[in-house]
Amino acid sequence: MDVPSKSNKAWQDIVTGKKTFQLKFLAAKILLGRLTRTVKEDPSPSTISSSVDQLYAIFSNNLNMPSVQDDLKTIFS
């Protein structure tokens with residue numbers, strides 16, 4: 001599975017905490033915890049966009065890992 005586009009609404013739902021998932025990829029899990037706290041403190045469009053960029057990047061940079069593939073299927077299927 002490829003990493004869905006940053007424009008996919010699911011990215012925003014994840015960083016804003018509207019949707020939650022049990023992620024297997026530890027680095028993404030840690031990053032997401034930090035990002036959701038940051039967005040909760042400052043829910044401006046620029047903060048949300050920056051958070052989506054960071055989460056997208058960690059998935060894109062680790063796409064070959066099985067846990068990343070599993071998490072993408074969980075989130076976007």
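1. Gln69 lies in helix H4 (helices, H or I of at least four residues, are DSSP runs numbered from the N terminus). The model is predicted: local features need pLDDT of at least 70 and side-chain atom pairs pLDDT 80 or more, while totals for chains, interfaces and linings use all residues. Residues are numbered from 1 along each chain as its sequence is written, and side-chain values use heavy atoms, with hydrogens and water left out.

2. Gln69 counts as buried because its relative accessibility is 18% (buried is under 20% relative accessible area, exposed over 50%, partly exposed in between; 1.4 Å probe, protein chains only). Its side chain reaches the backbone oxygen of Leu63 at 3.0 Å, and a polar atom of that side chain lies 2.9 Å from the backbone nitrogen of Met1.

3. The buried residues of H2 are Ala28, Leu31, Leu32, Leu35 and Val39. Seen down the helix axis, they fall within an arc of 105°, so they line one face of H2 (the arc is that of the directions from the axis to the C-beta atoms). These buried residues pack against H1 and H3. On the other side of H2, Leu26, Ile30, Arg37, Lys40 and Glu41 are exposed.

4. Leaving aside neighbours within four places in sequence, Val15 is in contact with residues including Leu32, Leu35 and Val39 (contact means heavy atoms within 4.5 Å).

5. The largest nonpolar core has 21 residues, and Val15 is among the members that touch the most others, as are Trp11 and Phe59 (such a core is a set of buried Ala, Val, Leu, Ile, Met, Phe, Trp, Tyr and Cys residues joined through side-chain atoms within 4.5 Å). Helices H1, H2, H3 and H4 each supply at least two residues of this core.

Notes. Polar contact = N/O pair within 3.5 Å; in protein donor to acceptor, adjacent residues only side chain to side chain.
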